[in-house]
Number of protein chains: 2
Amino acid sequence: MKQINGGITAPKGFYAAGVEAGIKYENRKDMAMIYSEKPCVVAGTFTSNRVKAAPVKWDMKIVDEKGSAQAVVVNTGIANAGTGAEGMRICEETAEEAAKQLGIEKDAVLVGSTGVIGAQVPIEKIKAGIAKLVAAKDSGTAAGTDASKAIMTTDTVNKELAVTVEIAGVTVTLGAMSKGSGMIHPNMCTMLGYVTTDAVIDHDTLTELLKNDVQSTYNMISVDGDTSTNDTLLVLANGMAGNEPIKKGTQAYEDFRAALHFVNETQAKRLAADGEGAMALIETSVFHAQSVEAARKLARSVISSSLTKAAIYGHDSNWGRILCALGYAGEDFDPEHMAIYYGNAAAKEQAAKGDFSKGMLIYEDGIGADYSEEEATKLLSKDEVYIWVDLKAGNESATAWGCDLTYDYVKINADYRS
Amino acid sequence: MKQINGGITAPKGFYAAGVEAGIKYENRKDMAMIYSEKPCVVAGTFTSNRVKAAPVKWDMKIVDEKGSAQAVVVNTGIANAGTGAEGMRICEETAEEAAKQLGIEKDAVLVGSTGVIGAQVPIEKIKAGIAKLVAAKDSGTAAGTDASKAIMTTDTVNKELAVTVEIAGVTVTLGAMSKGSGMIHPNMCTMLGYVTTDAVIDHDTLTELLKNDVQSTYNMISVDGDTSTNDTLLVLANGMAGNEPIKKGTQAYEDFRAALHFVNETQAKRLAADGEGAMALIETSVFHAQSVEAARKLARSVISSSLTKAAIYGHDSNWGRILCALGYAGEDFDPEHMAIYYGNAAAKEQAAKGDFSKGMLIYEDGIGADYSEEEATKLLSKDEVYIWVDLKAGNESATAWGCDLTYDYVKINADYRS
């Protein structure tokens with residue numbers, strides 16, 4: 001597997017565009033399109049929120065019932081959630097308009113929205129935007145970048161990625177773009193994530209791969225504990241790489257899985273690092289748990305703790321808050337027989353093997369360790385803060401990603417609508 | 001039932017003190033004592049955190065095994081959590097010293113600690129503090145106030161309360177003091193709460209009453225979603241009012257229960273209103289749910305949502321965040337058949353009966369209502385913000401209390417230890 005330049009237009013046959021439609025923001029791109037020359041197999045995961053935005057309902061129906069699509073139209077500024085029957089009509093009209101202009105069926109068009117909940121999307125602006133998108137669509141790298149910028153809301157950087165992977169001698173490419181900065185506590189996936197690939201793979205295999213992979217990637221990040229109404233992650237596979245169909249139990253499957261995992265994990269970490277107001281990425285790994293589920297729950301509890309997040313913003317080695325967050329995660333463990341370290345990226349694999357010598361021990365078996373506050377403050381002042389928890393109980397592990405809690409998070413969310 | 005002046009010293013036979021012991025802070029009271037002339041029946045609820053502070057373990061043993069006590073010694077500044085065997089020894093020495101000076105048994109002394117996790121409590125300062133407390137203890141109102149001030153950490157106001165209630169013709173008094181400003185998301189009770197009463201009541205009856213009552217009071221508040229390692233709520237009943245023993249199924253039981261509920265609800269609301277950095281109390285009531293459990297979970301989800309809390313800090317009527325928080329609470333409901341209002345204290349009973357005419361409708365049956373943003377901003381700018389949710393599904397309801405998320409919350413918690 002090799003990371004290459006570009007994003008969603010990197011795989012064969014994919015086109016993208018990002019344009020200004022003036023939906024909510026002025027002078028910025030706020031509509032994006034993905035289009036594939038050939039129909040795609042599509043797999044998706046969606047928010048677990050009981051309140052689902054209209055585009056989520058629209059996409060779920062297509063993904064579940066049809067399993068194929070050829071285009072995606074996304075707008076930012078307005079989420080089209082809490083919008084009733086009118087919101088559903090707007091999804092349909094959006095798909096109809098895109099279908100007409102692209103010469104495809106309306107149920108081959110997926111839609112996505114992100115922004116404020118409760119307002120209706122201005123359909124005339126959407127239609128005008130679609131005309132611009134169709135005219136601008138291109139298979140070059142710049143078009144993918146445009147699209148990845150058009151889906152941003154409070155994100156400070158666009159997030160795109162492309163990799164190639166050899167699948168039984170054939171080069172397959174995956175591209176991705178994601179957005180999401182607040183209301184991020186995916187219980188399914190993040191706000192909006194799109195992966196394109198030219199791999200040949202069927203709907204069921206792709207769906208199973210995706211649903212498993214989000215458990216250790218998008219579902220392991222949190223910015224603020226709020227699970228959005230709009231979370232959507234879609235993978236579109238147009239089959240143009242011409243590889244042998246990817247089937248479970250083969251090396252090709254493992255290779256594709258590793259590539260998809262790399263793409264999802266990288267994008268998920270970027271979302272956490274670019275959390276609203278965030279100054280630092282917090283990576284928490286729980287090692288030697290009795291089950292993966294327990295490890296995940298414990299790791300997520302630490303990166304979701306407001307007090308831990310605020311302490312890290314203050315570069316304060318207040319490890320009691322880490323211990324406290326582990327304690328209320330709802331998983332059984334023995335606080336008198338476990339350890340907490342500040343870790344680092346380089347020695348994580350070593351730690352997974354039980355060698356924590358490269359970490360800084362801060363708590364073990366019931367009491368605080370004798371560590372240097374000065375050294376700890378240095379580690380906590382970095383862009384990426386690593387917390388390792390050794391449960392000394394089993395062989396399972398999990399990692400979760402979050403960010404610090406800053407004044408800017410409050411600022412951004414106190415006046416998001418204004 | 002009648003609210004009267006004072007706090008924990010209001011019931012007959014109770015003494016209190018608050019003194020400066022110099023444990024962590026200078027020039028402020030940081031140790032408190034409650035002492036009763038006669039041994040008390042004691043009931044308690046404690047943190048559900050897997051990591052329990054040493055004083056929590058000490059108290060749990062006494063409350064569960066013995067069910068009686070005569071004194072409580074509390075220190076602030078250091079939580080005595082994450083302190084191993086040494087932490088337990090310090091609890092025992094604290095109780096021993098207090099017992100010696102008060103002329104009672106060491107297992108009649110309950111202890112409490114709040115503050116930073118991980119440091120050891122300086123036992124010599126504690127012992128000197130106990131001597132001061134014993135010398136200063138008094139049954140007057142001022143002594144109760146001193147104690148309620150001594151248990152504060154980041155609280156901005158002390159929280160005490162007293163009521164009298166006629167129990168079968170005999171006047172019974174209840175007094176209370178509580179503290180808790182951050183790390184407040186009780187799943188049992190708040191950080192530290194103490195209720196004194198001169199009622200005659202047995203251990204089992206008092207325990208059952210307390211455990212039921214915290215479900216709708218202390219367990220319904222949240223400041224930051226972090227469940228502390230030290231949460232402790234104790235009720236001490238010394239029987240000096242001389243009433244007939246309170247038994248389940250009698251009017252006396254109902255009268256006492258109402259008084260205890262008023263005390264607990266009032267104190268719990270005060271904790272939420274005085275949450276770290278808070279500018280406003282947020283009260284969310286969910287009406288017409290199919291079960292009390294569902295109503296509680298939904299109400300708690302709203303007051304725990306960082307995004308909702310930040311929007312209220314910004315006086316921004318971003319009701320999509322309320323809807324979103326209801327949606328991810330994990331309870332089933334129909335977003336197309338329900339309503340959300342901004343309410344008020346005066347008309348809450350009316351609302352409970354299904355008359356929402358005094359509320360401002362902001363969302364109903366799938367879409368936003370046509371309300372005045374200006375009026376909404378006025379309601380959201382008050383010290384107390386009321387959110388009513390009408391699920392239109394059943395007859396159960398619940399109320400939860402939280403606070404807004406402000407710059408000051410981040411500030412306080414970014415440098416709490418310094």
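Helix H5 (residues 203–216) and helix H6 (residues 251–273) of chain B pack at an angle of about 45 degrees, with their axes 10 Å apart. H5(B) and H6(B) are therefore oblique to each other; angles under 35 degrees count as roughly parallel, over 145 as roughly antiparallel, 65 to 115 as roughly perpendicular and the rest as oblique. The axes are lines fitted to C-alpha atoms, for helices over the stretch in contact, and the angles run from 0 to 180 degrees between N-to-C directions. Helices (H or I, at least four residues) and strands (E, at least two) are DSSP runs numbered from the N terminus. The model is predicted: local features need pLDDT of at least 70, side-chain atom pairs count only at pLDDT 80 or more, and totals for chains, interfaces and linings use all residues. Residues are numbered from 1 along each chain as its sequence is written, while chains are lettered from A and ligands numbered from 1 in the order in which they are written.

H5(B) passes H6(B) in a right-handed crossing, meaning that the near helix is turned clockwise from the far one by less than a right angle. H5(B) contributes Leu209(B), Asp213(B) and Val214(B) to the contact, and H6(B) contributes Arg257(B), Leu260(B), His261(B) and Asn264(B). Two residues are in contact if their C-beta atoms, placed from the backbone, lie within 7 Å. The residues of this helix contact divide into three nonpolar, two polar and two charged. Ala, Val, Leu, Ile, Met, Phe, Trp, Tyr, Cys and Pro count as nonpolar, Asp, Glu, Lys and Arg as charged, and the others, Gly among them, as polar.

Chain A is divided into domain 1 (2–273) and domain 2 (281–413), with bounds from an automatic or database domain assignment. The centres of the two domains, taken over C-alpha atoms, are separated by 32 Å. Twelve residues from domain 1 of chain A and 14 residues from domain 2 of chain A form the contact. On the domain 1 side, helix H6 of chain A gives the largest share, four residues.

Between the chains, 53 residues of chain A are in contact with 52 residues of chain B. H9(A) gives the most to the side of chain A that touches chain B, with six residues. That side comprises 24 nonpolar, 22 polar and seven charged residues. Of the interface residues of chain A, 98% are also interface residues in chain B, so the copies meet through the same surface.

Chain A can be laid on chain B with an RMSD of 0.0 Å by a turn of 180 degrees and a shift of 0.0 Å along the axis. That is the relation of a two-fold axis. Copies are superposed by least squares on the C-alpha atoms of residues with pLDDT of at least 70 in both.
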